[in-house]
Amino acid sequence: MAAEGSSSIDALGQFQLHPALGFIGGSVNFTQANLMMVISGIGVLALLWFGMRPRAMVPGRLQAAAELSYDTLLSMCLEQIGPEGRKYFPFVFTLFFFILFGNLLGVFPYFFTFTSHIAVTLALALLVFILVTTVAIQEHGWHFLSYFVPQGIPKVLLPLLVVIEVISYLSRIISLSVRLFANMMAGHVMLEVFGAFIIMLAGLGVLGYFPAGLSLALNTILIGFELLVAVLQAYVFAVLTCIYLHDAVHLH
Amino acid sequence: MSQDQGGPDPSFEDRLTAARSKQGLDAPPTPPSTDGGALGGSLWGIGLRVGIELVSALVVAVAIGYGLDRIFHTTPILTVVFVPLGGAAGVANLWRMFAPKKS
C-alpha cells in the first residue's frame, strides 16, 4: 500500500476505487466501494435475520444484539422526534446500520471504507435533506415556509433573517456529509501514515526499532479510537437525522 | 416458560406501547442535554462540530452568491453580500446547537 519508496507516504492511495469482482465488475464499473455497500447491507440483514431466528424468550447473544439495536434506535426516534417518530423509525434504523456497518467494516485490513468518500456521504445527506423537506411539506403544506421566519423579530429585519435561515437550512447538507466523511477519512489517513512510519523506521536498522515500536503502539491505540469514531459518527448521523425530522414534523 | 409468543400478547403489547409512549412523552425535557453531550463527545468533537457548522454555512453562502453572480453578471457584488450572511448563518447554526431548548 504505502511506503514502496522509503521516502514517500501514499496516504490517500487507499481511497482509490478499483473494479471489484474481476471482469464482470470491471465491465459495469462495480467498484470495491459498491461491494462493501452490498456487504454492509447484507450484514445488517444477516444480523437481524439470524439474530431473530430463535425467537427465544431469553435471548442469546446475537438475538440480544438485534433486539438491543432495535430498541435503542426506536427509543432514540421517539425521544428526538416525539410520538410521530415511529413512522420514521425504519428509515433511521436503516441509515444508522448502513453507516455503522460501513464504518466498522472499514477498520478491517484489506476492506474499504465507503463512508470515507464524500460522494457517498453527500448522497446520504441529500437523501436525508430531501426526505426531511418532503416530510415538512407533506405535514404542513405551504405553511412549511414559516420555518424560515423566526418568531418575534421586527419586520425590518425579516428579509435579512429569512436569507440567513435559508442558508442555515441548506448548510445542513454540507455539515452532515462533511462531518462523516472528514472523520472517517482522517482516521484512515492517520492509520496509513503511522503504518508507513513503522515500515520506514524499521528499515533504518537498530536505531529505528524503538520509534517503530512506538508508532506500532500508537497505531494500535488508533484502531481502538477508530472503532469509537465509527460508532459515534453513525450515531451522530442518525441523531441529527432525527433532530431534523423533529423540526420537519413540529416546525421550530 | 412458553417459547412462542401467543396468549395474552396483544394486550401486553398495547400496555407496553402505552407505557413506552408515555415514557417518550416524558423524555423530551432530558434529550437536549444528553444529546448535546453525546453529539459533542469530547472537546475535540465539539471543536470539530463548531468548525464544520461555521464553514458549511459559509460554503453554501459563497456557492449561492457565486451562482447568482454568474446568472446576473454582477460578478463580485452578490458574493460579497452573501459572505457575511453565510457567516451569520454559521453563528445561527451554532446558536441552534448550543441554545437552551425550550421543552
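Contact is taken as heavy atoms within 4.5 Å. By this criterion, 28 residues of chain A and 30 residues of chain B meet at the interface. The model is predicted: local features need pLDDT of at least 70, side-chain atom pairs count only at pLDDT 80 or more, and totals for chains, interfaces and linings use all residues. Residues are numbered from 1 along each chain as its sequence is written, and side-chain values use heavy atoms, with hydrogens and water left out.

The two chains bury about 2,500 Å² between them, counted as the accessible area (1.4 Å probe) lost on being put together, summed over both. Carbon and sulfur atoms carry 68% of this area. There are 2 salt bridges between chain A and chain B (a side-chain nitrogen of Lys or Arg within 4 Å of a carboxyl oxygen of Asp or Glu). B:Arg96 forms a salt bridge with A:Glu165; the closest N and O atoms are 3.0 Å apart.

Helices H3 (61–81), H6 (158–202) and H7 (206–250) of chain A each supply at least two residues of the side that touches chain B. Helices are DSSP runs (H or I, at least four residues), numbered from the N terminus. H6(A) gives the largest share, 13 residues.

Within chain A, A:Asn103 lies in helix H4 (residues 85–105). A:Asn103 is buried, at 0% relative accessible area (buried means under 20%, 1.4 Å probe, protein chains only). A polar atom of the A:Asn103 side chain lies 3.0 Å from the backbone oxygen of A:Ala230. Leaving out residues up to four places away in sequence, A:Asn103 touches several residues, including A:Thr113, A:Leu180 and A:Ala230.

Definitions and conventions: Chains are lettered from A and ligands numbered from 1 in the order in which they are written. Buried means under 20% relative accessible area, exposed over 50%, partly exposed in between (1.4 Å probe, protein chains only). A polar contact is a pair of N or O atoms within 3.5 Å; within protein, one must be able to donate a hydrogen and the other to accept it, and residues adjacent in sequence count only if both atoms are side-chain atoms.
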